[in-house]
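User: I have a few questions about the model shown here. Could you take me through them one by one?

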Amino acid sequence: MEKHFYITTPIYYPNSVPHIGSVYTTLCCDMIARFKKLDGYTVKFLTGTDEHGQKIEKAAEDNHETPQEFVDTLSASFRKVLEVYNFSCSDFIRTTEDRHKKGALAFWKTLEDKGHIYLANYAGWYSVRDESFYTETDLVDGKAPTGAPVEWVEEPSYFFNLSAWQEKLLEFYDQNPDFIAPASRRNEVISFVKGGLKDLSVSRTSFSWGIPLPSHPDHIMYVWLDALSNYITALGYPDTQTSDYKNFWPADVHMVGKDILRFHAVYWPAFLMAAGLPLPKRIFAHGWWTNRGDKISKSLGNTIDPFDLADRFGVDPVRYFLLREIPFGNDGDYSEQALIQRINSQLSNEFGNLAQRTLSMAWKNCDARIPTLTKKLEKIDEDLLNQAYQMLPELRSFIDQQAIHKYADLVWTLVTQANKYVDEQAPWALAKTDPERMEVVLYAVAELLRCLAILLQPMIPESAGKLLDYLSVPQNERDLTFLSAAYAVKQGITLTKPEPLFPRIITSI
């Protein structure tokens, strides 16, 4: 039976070029999506751009462009970063696309027809930067909790009856304890909902850049109702009979930054309940990257250019650093020094050197082939390889928990064990004293490298693929099915001459 998996990033707000924060979210989703594909799932991996709202309208005006011209240019830069970082997204949705507008309007009409939307007047504090309304009690020193400036807004607005869903949401959280992760974020959401929900303004009349409501021509759809519906409009909604909708909804994971958790864990489930649609299985809210202690954001002007990082350090090394530097879900501080240290110490010295020294030795001493063994593997060799063969159930569990740092840590224990094994077995000495045993050791390491490369494909796909090429592993033998002794690296097969996978980064002192 075919297995399906649907993972989404938040759709990014293209009022400026991508920064390392948006790359991080997509990267984490990419790692999970790639693992699931290797594990036999048909994967839908969605990302895109959220292109409406007052902030876009103002930014376009400041840039002397129409809003559509403005978002066309910037949305293209978000597509470009997908290519540069080798992300495996299967769809990219823009909220200015007809397929999205059609689905978002149908979603609105469903909520309206079911009696969950009504017309009233809105008066309150609004942050253009956050595209969010705030109450007086939300404000901190006259600003939004995010530090964004707010302005007083009074205008006619359609409201969604969010207050009616308070108890239903709390009941749902209680019945589905894994719906929000990590646990600390779940507690935040429950506390917020228990504090009381007020009806939510879902239309605007004070600006025009949005999806106009056909039956209410003076109103455009509020950006969050518009944006959140992308997760189903990308599947063909309102047609719930499309193969995409039937196979992939409800989503397995919505990955979001912690700053937009409330919208995804409170508003979105309430909208879906009101529309009579299934809820996603999990909302995972990860932490923020900081730059010298400050949150990285376009509005603060302290962003880190992901294109520059990839150009200077290489795509896979940057991917590796971002995935390993912090426990997933926590905040982390970016430092170029930390990036260079991880590349040099772990990728170059530990993993790259393991591959380079053992495969080069096989190339030199075994006629450029994987050794053909005349001696059997000893217990120490089999114990090392069995660690790799038996690791998959635990790794699956980590992926299903979105504990991607634990996945990386566990795989890296194999790298550490392999280096210890090589140091202890000393094949360079065996070349003189016991060439047959040397061949066994080199074979065992080559097989471990095959397993490592298969397991590291979700993290560093290009480098892992290169290593599998060195080992002449066929393209159709690189998924998790082949992580067993039955598919061990073939004896006597020609080796591709190895080149350093991760050259050291040389810095001037």
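User: Is Gln-402 buried or exposed?
Analyst: A word on the ground rules: this is a predicted model in which local features need pLDDT of at least 70 and side-chain atom pairs count only at pLDDT 80 or more, while totals for chains, interfaces and linings use all residues. Residues are numbered from 1 along each chain as its sequence is written, and side-chain values use heavy atoms, with hydrogens and water left out. Under 20% relative accessible area counts as buried, over 50% as exposed and anything in between as partly exposed (1.4 Å probe, protein chains only). Gln-402 has a relative accessible area of 3%, so the answer is buried.

User: Where is the place of Gln-402, and what is its phi near?
Analyst: Helices (H or I, at least four residues) and strands (E, at least two) are DSSP runs, numbered from the N terminus. By that numbering, Gln-402 belongs to the loop between helix 15 (392–400) and helix 16. Its phi is positive in a residue other than glycine, near 60 degrees.

User: What is the positive phi of Ala-426, which is not a glycine?
Analyst: Ala-426 sits in the loop between helix 16 and helix 17 (427–433). With a relative accessible area of 15%, Ala-426 counts as buried. Its phi is positive, at about 45 degrees.

User: Which residues does Leu-410 touch, not counting residues up to four places away in sequence?
Analyst: Leu-410 is in helix 16 and is buried, with a relative accessible area of 17%. Taking contact as heavy atoms within 4.5 Å, Leu-410 touches Met-391, Glu-394, Leu-395 and Phe-398.

User: With which residues is Asp-381 in contact, leaving aside its neighbours within four places in sequence?
Analyst: Asp-381 lies in helix 14 (residues 379–389). Its relative accessible area is 0%, so Asp-381 is buried. Beyond those neighbours, Asp-381 meets Tyr-421, Arg-437, Val-440 and Ala-444.

User: How many aromatic pairs does the count come to?
Analyst: A pair of aromatic rings is described by the distance of the centres and the angle of the planes. Rings of Phe, Tyr and Trp (its six-membered ring) pair if their centres lie within 6.5 Å, with planes under 30 degrees apart called stacked, over 60 edge-to-face and the rest tilted. By this rule the total is 28.

User: Which kind of pair do the rings of Trp-108 and Tyr-158 form?
Analyst: Their centres are 6.0 Å apart and the planes meet at 80 degrees, so the pair is edge-to-face. Trp-108 belongs to helix 4 (residues 98–113) and Tyr-158 to strand 6, so the pair ties together parts 50 residues apart in sequence. Trp-108 and Tyr-158 are both buried. To name the kind again: edge-to-face.

User: What is the centre to centre distance in the aromatic pair of Tyr-320 and Trp-412?
Analyst: The pair links helix 12 (residues 315–324), which holds Tyr-320, to helix 16 (residues 404–425), which holds Trp-412, over 92 residues. Tyr-320 is buried at 1% relative accessibility, and Trp-412 is buried with a relative accessible area of 5%. The pair is tilted, with 45 degrees between the planes, and the centre to centre distance is 5.1 Å.

User: How many residues of helix 12 are buried?
Analyst: Among the buried residues of helix 12 are Asp-316, Arg-319 and Arg-324. Helix 12 is mostly covered, and its buried count is 10 of 10.

User: Over the face of which residue does Arg-204 lie?
Analyst: A charge sits over a ring if NZ of Lys or CZ of Arg is within 6 Å of the ring centre and within 35 degrees of the ring normal. Lys-168 has its charged end over the ring of Trp-165, 5.1 Å from the centre. For Arg-204 the distance from the ring centre is 4.2 Å, and the ring belongs to Tyr-126.
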